[in-house]
Amino acid sequence: MQFVPMNCPNCGAPLVERGGSFACEHCGCILVSIADGALAADAEQLSLAEFEKQLQASRRTFPINMGDQPAGMDVDAVLLRERLKRAGQLLSAGEYDAVYDVLQNVPEDVFAAERARLLADCRAEDEIRLAAQRGDITRSPHYARVLALADGETRATYERIAAVCMENERIAAEIGKGMELVELGAAEEALTYARQMLKRYPTHAEAWELIIAAKCIEDGKYSPEEDLRRMSKCPNFPYLYSMREEDGHIFAFHNNRVIQARLEEAEQARFRKKSALSKYLVGPALLLGTLALSFGLWKLFDLLF
Ligand SMILES: [Zn+2]
């Protein structure tokens with residue numbers, strides 16, 4: 001992903017990219033970028049490069065101000081800094097339960113600690129991943145505390161993220177109905193519905209999964225690779241799906257049975273073509289070789305006797 005270099009809205013220091021979001025190493029401010037949902041053009045008609053460009057353009061950034069960082073050299077400030085640092089490392093490593101232990105003695109009125117507890121509670125490494133979750137994150141007891149401790153801008157960011165998570169759940173359910181049509185084999189209906197969903201939610205990987213699966217059952221010759229590549233550019237793709245590619249071909253997409261079956265067919269077709277090719281080449285090559293050898297031997301006999 002490419003980002004334009006930016007400066008911290010708080011203190012003006014240059015921002016560094018950290019796993020899809022921006023962070024200011026000077027004051028601790030984080031800028032979270034969230035896809036807005038709509039694209040200017042029909043996603044299905046866009047080239048891969050154009051789709052990526054439009055996805056980038058649809059992103060908006062929201063600030064999270066970490067508040068006053070513990071300063072000073074007294075043992076309490078040093079301890080707090082180290083605990084927060086360790087909590088950050090544990091979040092990155094996905095060791096969410098350990099976050100609570102390391103922050104055990106940190107009071108509830110430290111914003112950075114409550115933020116880390118909220119992320120751990122929601123099983124999210126950072127706010128970008130938090131915004132990819134489905135459901136009601138305001139149910140976490142730490143959500144209200146984070147909002148109470150945050151400044152106005154930061155509060156608005158978390159409210160936005162909470163709204164996005166609710167929206168994610170609703171969209172997943174709406175798209176899920178299309179997948180039921182696919183499962184029932186209602187090819188035409190599934191494809192019509194899938195096109196509607198993709199128009200409405202082009203930045204959501206689930207909408208791509210649906211249209212790819214619908215195309216698979218509608219058209220026996222459809223190859224899903226190009227659409228899968230577009231799908232993989234969606235911001236929520238890495239948190240929901242896994243795809244494996246080798247020798248320029250996607251060969252595994254175990255999240256969806258219909259799509260996986262089509263990929264396997266394509267893989268077998270490539271294998272058959274390769275073995276057929278070698279059969280057609282190896283046969284004549286062997287024949288030629290034998291002929292050349294016989295001719296050579298005949299010449300040799302000719303010379304000797
Ligand atoms: Zn800053």
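## Packing of H7 against H8

In this predicted model, helix H7 (residues 152-183) packs on helix H8 (residues 187-200) at an angle of about 160 degrees, and their axes are 8 Å apart. Axes here are lines fitted to C-alpha atoms, for helices over the stretch in contact, and angles run from 0 to 180 degrees between N-to-C directions. H7 is therefore roughly antiparallel to H8 (angles under 35 degrees count as roughly parallel, over 145 as roughly antiparallel, 65 to 115 as roughly perpendicular and the rest as oblique). The two helices, H7 and H8, cross in a left-handed sense, that is, with the near helix turned anticlockwise from the far one by less than a right angle, clockwise being right-handed.

From H7 the contact draws on Glu174, Ile175, Gly178, Leu181 and Val182, and from H8 on Glu189, Ala190, Tyr193, Ala194 and Met197; residues are in contact if their C-beta atoms, placed from the backbone, lie within 7 Å. By class, the H7 and H8 contact comprises seven nonpolar, one polar and two charged residues. Ala, Val, Leu, Ile, Met, Phe, Trp, Tyr, Cys and Pro count as nonpolar, Asp, Glu, Lys and Arg as charged, and the others, Gly among them, as polar.

## Span and end of H7

H7 contains 32 residues and reaches 46 Å from its first C-alpha to its last, close to the 46 Å expected at 1.5 Å a residue (the expected span is 1.5 Å times one less than the number of residues). Gly185, which follows H7, has a positive phi near 80 degrees.

## Packing of H8 against H9

H8 also packs with helix H9 (residues 205-218), at an angle of about 155 degrees and with the axes 8 Å apart. H8 and H9 are therefore roughly antiparallel, and H8 passes H9 in a left-handed crossing. Ala187, Glu188, Ala190, Leu191, Ala194, Arg195, Met197 and Leu198 of H8 meet Ala207, Trp208, Leu210, Ile211, Ala214, Lys215, Ile217 and Glu218 of H9. This contact of H8 with H9 has twelve nonpolar, no polar and four charged residues.

## Packing of H4 against H6

The axes of helix H4 (residues 111-121) and helix H6 (residues 141-149) come within 9 Å and cross at roughly 150 degrees. H4 is therefore roughly antiparallel to H6, and the crossing of H4 past H6 is left-handed. Phe111, Glu114, Arg115, Arg117, Leu118 and Asp121 of H4 meet His142, Tyr143, Arg145, Val146 and Leu149 of H6. The H4 and H6 contact divides into five nonpolar, one polar and five charged residues.

## Overall chain

The chain has twelve helices and six strands; helices (H or I, at least four residues) and strands (E, at least two) are DSSP runs, numbered from the N terminus. Its radius of gyration is 28 Å, whereas a compact globule of 305 residues would have one near 19 Å (taken over C-alpha atoms, with a globule rule of 2.2 Å times the number of residues to the power 0.38). Along its principal axes, the C-alpha trace of the chain spans about 105 × 55 × 35 Å.

## Basis of the model

Residues are numbered from 1 along each chain as its sequence is written. The model is predicted: local features need pLDDT of at least 70, side-chain atom pairs count only at pLDDT 80 or more, and totals for chains, interfaces and linings use all residues.

Key: Two residues are in contact if their C-beta atoms, placed from the backbone, lie within 7 Å.
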